[in-house]
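The remarks follow the order in which a reader may wish to inspect the coordinates.

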Number of protein chains: 2
Amino acid sequence: MSALQVARSLSGPVEDYLKAIYDLERAGQPATTNEIAIRLAISPASVSGMVRRLAEQGLIRHEPYRGVRLTTQGRRAALRTLRRHRILECYLTEVLGYPWDRVHEEAEQMEHAASEELIDRMATALGNPQYDPHGAPIPTADGEVHEGSDRSLSEVEVNGVVTVERVHDEDGSRLRYLAELGIRPGAKIRIVEKAPFEGPITFRVEGKRSASARAIAVSLASQVFVENDER
Amino acid sequence: MSALQVARSLSGPVEDYLKAIYDLERAGQPATTNEIAIRLAISPASVSGMVRRLAEQGLIRHEPYRGVRLTTQGRRAALRTLRRHRILECYLTEVLGYPWDRVHEEAEQMEHAASEELIDRMATALGNPQYDPHGAPIPTADGEVHEGSDRSLSEVEVNGVVTVERVHDEDGSRLRYLAELGIRPGAKIRIVEKAPFEGPITFRVEGKRSASARAIAVSLASQVFVENDER
DNA sequence: TCCGCTATTTAGGATAGCCTAAATAATATT
DNA sequence: AATATTATTTAGGCTATCCTAAATAGCGGA
């Protein structure tokens, strides 16, 4: 068994840690114990323990008290899981008719059980989609992704017009609400007003009939990622 | 939380035990510790331990040293898992193009992760099939099954003609071989000869062009379940 | 620079599953 | 009936993952 050997499959919890770390890392700094704990809704002490094991397996590198980074191997594993998750989300919505606010949970369960072959068959059946129903990019079978914009709707200046690229998928009720407001991948949004002191953000969905202006909290807007429309 | 309450989902191993017990029970006597251990390829001591826990949860009844039986609740749980398994097998072969000798493994993994809703959506997409690709009957969503014949090909008398109803699905290479011989659900088989002393069984597949007679071991024939053709 | 808050780690436990070896019960044989 | 064989259970352990409480490290502010 060579040192390069990877394939032997990881446990569900391990895959969850890697996904969480990947996500946090993408958002900037190395992932800290605390952030991981919050993300996974477990105690920081438990994270410390698991971090040691992941480091021993060469999946992450750990600088004590300063956080954690994925190794190449760890990143590959994270991307495999992410691919499974996102292909599943696509398949569940497009083929099996799941509503977009409920695919996340189901995919979360299945991603640990589905084989690579199954996922590839689903991907093929779907024509190898590039984005999941929330706009997240799907890694290819050999671990390529181009993660998109990390500019959130909350950062757009007044009068800016942007296209929604991706919506954070973890909370079904928030998703449902966003959909109701017309905020979903592909929608064009104009920022009408931003109240001071973290006040609500007023916007209009472009090209929508009954386009009354609506307002959302900064915290919600920051889970919506957008790309600039005009340059 | 009432005493009747059931739904809270069971762990993968627990579901596997219940399936195994269901299967063994169907084949006659109450399931013994040893048989369960062999079926699940674990040590008898481990089974003893799990049996205690299952009994505490009211899923089985245990008469020490004499075996184990499912309670109504346990049977319901077993049938739910079996339904998941078999619907998955159908879906994987019919929709995703899996070869019939490999669906079992994949379904085995997924059956513990897939929600009831997902399974029902798959079932609907398939038109609520009654049998899986190996001829096993699929329990309905509310726990009805009519288990078919338990007469095996090895019990058919010489010159008897039978229709294959179901083939035991656990071993891919055996399945592949049986398929090669033309033994699959629906096939009509005539027994040509039975050698004495557990000797091989010679048969012919009816209505098959190049129908040369072939022979299989009793042990293999006993994994093929049949119904009588002539009465 | 020292203090105190927060983040992190360590210590000590729990639970679910699994294992091997040893003890015990049931059954079969003489 | 006594013993040998086999099936089952008990005892004692291991691993992965989680937890709480206590100890320690790092850092911002007086």
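1. The surface near DNA strand C divides by class into 11 nonpolar, 9 polar and 1 charged residues. This surface belongs to a predicted model. Of the 21 residues around DNA strand C, those that come nearest are A:T32, A:N34, A:A45, B:S11 and B:A45.

2. Which helices supply the surface near DNA strand C? At least two residues each are supplied by α2 (33-40) and α3 (44-56) of chain A, and by α1 (12-26) and α3 (44-56) of chain B. The largest share, 5 residues, comes from α3(B).

3. Regarding the protein-protein contact, 13 residues of chain A are in contact with 13 residues of chain B. On the side of chain A that touches chain B, α5 (103-110) and α6 (116-125) of chain A each supply at least two residues. The largest share of that side, 4 residues, comes from α6(A). By class, the residues of the side of chain A that touches chain B are 7 nonpolar, 4 polar and 2 charged.

4. Chain A is superposed on chain B by a rotation of 180° with 0.1 Å of shift along its axis, at an RMSD of 0.1 Å. That is the relation of a two-fold axis. Of the interface residues of chain A, 100% are also interface residues in chain B, so the copies meet through the same surface.

5. In soluble globular proteins, nonpolar side chains tend to be buried together. The largest nonpolar core here has 72 residues, of which A:I87, A:I189, A:V224, B:I87, B:I189 and B:V224 touch the most other members. Leaving aside neighbours within four places in sequence, B:I189 is in contact with B:L153, B:V161, B:V162, B:V164, B:I183, B:F203, B:V205 and B:E206.

6. In chain A, residue I189 can also be placed in the strand pairing: the bridge partner of A:I189 in β5(A) is A:V205. Strand β5 (residues 201-205) of chain A pairs with β4(A) in the antiparallel sense over 5 bridges. The hairpin of β4(A) and β5(A) has 6 residues between the strands, and within this hairpin A:F197 takes a positive phi near 55°.

7. What is the sense of the pairing between β3 and β4 of chain A? Strand β3 (residues 161-167) and strand β4 (residues 188-194) of chain A pair in the antiparallel sense, over 3 bridges. In β4(A), A:R190 is the bridge partner of A:V161.

Note on methods: Residues numbered from 1 in each chain as written. Chains lettered and ligands numbered in written order. Predicted model: local features only at pLDDT ≥ 70, side-chain atom pairs only at ≥ 80, totals over all residues. Pairing = 2+ DSSP bridges. Near = placed C-beta within 6 Å. Nonpolar A, V, L, I, M, F, W, Y, C, P; charged D, E, K, R; others polar. Core = buried A, V, L, I, M, F, W, Y, C linked by C-beta atoms within 7 Å. Buried ≥ 20, exposed ≤ 12 C-beta atoms within 10 Å, placed from the backbone. Contact = placed C-beta atoms within 7 Å. Least-squares fit on C-alpha atoms with pLDDT ≥ 70 in both.
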